[in-house]
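Thanks for coming. I have one model to go through this morning, and I will take it feature by feature.

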Amino acid sequence: MAERVEQRLEDRVPELEQLERVGLFTRRETRAVLRKASALEYKIQRRALRKEDFINYIQYEINLLELIKKRRARIGYSFKKDEIENSILHRVHSLFNRATGKWKEDVQLWLSHVAFCKQWNAKHQLSKVFSTMLAIHSNKPALWIMAAKWEMETQLSSESARHLFLRALRFHPECPKLYQEYFRMELMHAEKQRKEKKEFEQAKMDLGEFSYSEEILNGEMARIIYRDAAQKIKGVEFHLAVLSIAKLFDFTQDLQKEILESLQTKYADDPLMWEYMARRELELGSLQSTEPTTKQMKVSEMTQREERCCAVFEEAVGAVPTEDMWKCYITFCLERCKRKTNSEELKQKRLQRTLSVFNKAHESSLLPEALYKQWLQLLLESNLFEKATEVAEAATKRFSLSVETWQMRLQVLIQLKSDSVTQCFEEAVKHVKSKVCGTLPLWTLWVEWSESTNSKEDTDALYQRSLCATTPAESVTMKEMYLDWTYRIGGYKKVKRVFTSLCENRPFSLDFFRKMIQIEKEQESCKMLHLREYYERALREFGSTDSDLWLDYIKEELSHPQGKPENCGSIHWRAMKMLQGDLVEDFISKYTLLQTGHL
């Protein structure tokens with residue numbers, strides 16, 4: 001191993017001598033480079049190779065190249081690159097080759113080599129890297145696309161790019177992304193040839209026997225790819241992706257027309273197709289021959305476009321009467337409604353249109369549950385309170401088991417200060433069964449509303465009722481809220497009684513006990529006897545799973561005026577017995593810090 005390392009270090013000597021001779025590095029710096037290289041070389045010559053060692057070595061060499069580049073720029077010296085940089089570049093490629101040979105499955109390593117080749121313009125080497133990488137990672141379409149793009153855009157070889165795409169499609173015959181990029185590449189090739197032909201014609205050059213294929217110039221290769229892909233790949237998304245690519249090129253009108261016709265024929269019952277066709281009306285522009293000039297004309301033009309969109313959507317919800325189709329229509333209307341405009345007329349038209357579409361979808365019983373909230377929000381913003389109340393009630397009739405829908409209706413009634421809030425709460429908890437879908441959001445909303453509206457007695461009764469009505473897991477939150485509210489309204493004596501009564505019914509949360517401990521500590525006559533009671537109750541429930549609780553108990557005994565430091569040993573012993581697994585070590589380390597005064 002030592003001989004191999006020595007040989008590699010000797011191979012470095014000529015480049016280091018050149019660096020010193022031309023004034024890019026000093027003698028001291030070249031020696032430092034040699035020492036560092038020696039350490040890095042030994043690491044990659046060991047039997048048990050580590051990927052990190054190769055990465056560190058490669059990074060060091062790249063940093064060295066960057067430093068040389070900066071030094072050259074500073075002193076204005078650009079000679080001897082063969083003897084200096086090329087030698088380092090060769091070494092980096094060699095390191096990458098060894099690393100990717102050893103850890104073939106690491107795609108990131110391959111991509112780092114690709115990035116390095118691109119940065120240092122090592123085209124010949126990059127071609128080899130792509131070839132080897134694709135032989136190993138042929139199952140990754142993104143790598144094929146990367147290689148083909150490089151051939152097309154950097155090497156300017158459409159033939160090589162085409163060859164790579166065809167090879168990739170043999171491995172991935174149903175990959176939409178591959179077809180899309182292949183389709184794009186052929187259109188780019190056609191565009192490039194069209195430009196070349198135009199330049200030759202403008203220069204009036206005689207091309208001799210060479211002639212451009214009209215089929216290729218018109219994008220026929222892309223058409224073939226699209227037709228082939230359309231037979232294998234199902235779904236509107238692919239057609240729309242290909243269409244958006246075709247629209248980037250100004251010579252693809254016939255191709256776009258074919259894709260559109262295919263889309264309409266094959267996917268007549270797909271909401272995405274209809275949505276595309278409707279939104280397309282916005283882009284098509286004015287039906288008038290002249291462009292709008294005045295502000296009023298622009299508003300009129302936009303109104304016409306939006307009406308054409310809505311006409312298509314109306315046709316769509318007739319042809320495909322589904323929730324998804326209505327959702328597309330409403331989403332479009334909401335988008336237009338939120339767009340800023342100085343025209344009050346246009347703003348009102350958009351609002352009325354949106355409210356009308358919401359209503360139609362609701363009457364068809366095809367308005368998705370999630371959209372009711374947006375409808376109600378729009379109605380409340382428009383001060384249509386009576387309609388909002390009606391819609392909220394209708395939503396709960398349709399989705400009577402949905403907690404979110406009842407919550408939404410209740411929030412509307414609360415906001416409008418309605419007299420029927422209590423009645424609605426009763427109706428909600430009656431319909432939504434606690435065991436089927438948790439009613440906690442309803443109960444929390446109810447008690448919060450009651451706190452600000454009803455008497456203390458009514459709210460107290462409601463809290464107690466909620467403890468019985470919610471699931472055991474949900475009752476934990478209600479107990480915390482009840483404790484907090486009681487302290488705010490009734491003070492310490494009242495909260496202590498409530499705490500004692502609540503302690504008779506499990507389950508509890510740690511916060512429930514911590515809240516009571518905090519309340520005790522806030523009292524002027526804070527009693528250690530009470531704190532011990534709360535800690536002991538908490539430890540019965542959480543002593544095996546929370547080491548901080550034990551530590552806080554010990555701290556309390558040490559710091560409280562009525563505390564007994566002699567109890568700490570007993571508490572420590574109990575903690576060691578009760579805590580589980582790694583929590584024991586955690587407790588010991590924190591207890592040690594506490595003893596030394598660092599916690």
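**Loops, salt bridges and a cavity**

I start with Lys 417, which sits in the loop between α20 (403-415) and α21 (421-431). Helices here are DSSP runs of H or I with at least four residues, strands are runs of E with at least two, and both are numbered from the N terminus. Before going further: this is a predicted model, in which local features need pLDDT of at least 70 and side-chain atom pairs count only at pLDDT 80 or more, while totals for chains, interfaces and linings use all residues. Residues are numbered from 1 along each chain as its sequence is written, and side-chain values use heavy atoms, with hydrogens and water left out.

Lys 417 is not a glycine, yet its phi is positive, near 55°. Lys 417 counts as exposed because its relative accessibility is 71%. The cut-offs are under 20% relative accessible area for buried, over 50% for exposed, and partly exposed in between, with a 1.4 Å probe and protein chains only.

Ser 365 is another non-glycine residue with a positive phi, about 55°. The loop in question runs between α17 (344-363) and α18 (369-381). With 43% relative accessibility, Ser 365 counts as partly exposed.

Pro 507 is placed in the loop between α24 and α25 (510-521).

Next, salt bridges. Side chains of opposite charge can pair when their charged atoms come close. The criterion is a side-chain nitrogen of Lys or Arg within 4 Å of a carboxyl oxygen of Asp or Glu. How many salt bridges does the structure hold? The count is 48.

One of them joins Arg 12 and Glu 15, with the closest N and O atoms 3.9 Å apart. The two residues are three apart in helix α1 (residues 2-21), so about one helical turn separates them. Are Arg 12 and Glu 15 buried or exposed? Both are buried. They also belong to a network of salt bridges that links Arg 12, Glu 15, Glu 61 and Arg 91.

Glu 20 pairs with Arg 27, and here the closest N and O atoms are 2.6 Å apart. Glu 20 counts as partly exposed at 26% relative accessibility, and Arg 27 counts as partly exposed at 48%.

Glu 533 is partly exposed, at 26% relative accessibility.

A cavity is a set of points, on a 1 Å grid over the protein atoms alone, where a 1.4 Å probe fits but cannot get out; lining residues have an atom within 4 Å of a point. Grid points are joined across faces, edges and corners, and the volume is the space filled by probe spheres set on the points.

The largest cavity has a volume of about 70 Å³. Its lining takes two or more residues from each of α7 (141-153), α8 (158-171) and α9 (176-203). Lining residues include Ala 148, Met 152, Phe 165 and Arg 184. By class, the lining has six nonpolar residues, no polar ones and four charged. In that scheme Ala, Val, Leu, Ile, Met, Phe, Trp, Tyr, Cys and Pro are nonpolar, Asp, Glu, Lys and Arg are charged, and the others, Gly among them, are polar.

Note on methods: 1 Å grid on protein atoms, 1.4 Å probe; cavity = no way out; pocket = protein on both sides within 12 Å on 5 of 7 lines; lining within 4 Å.
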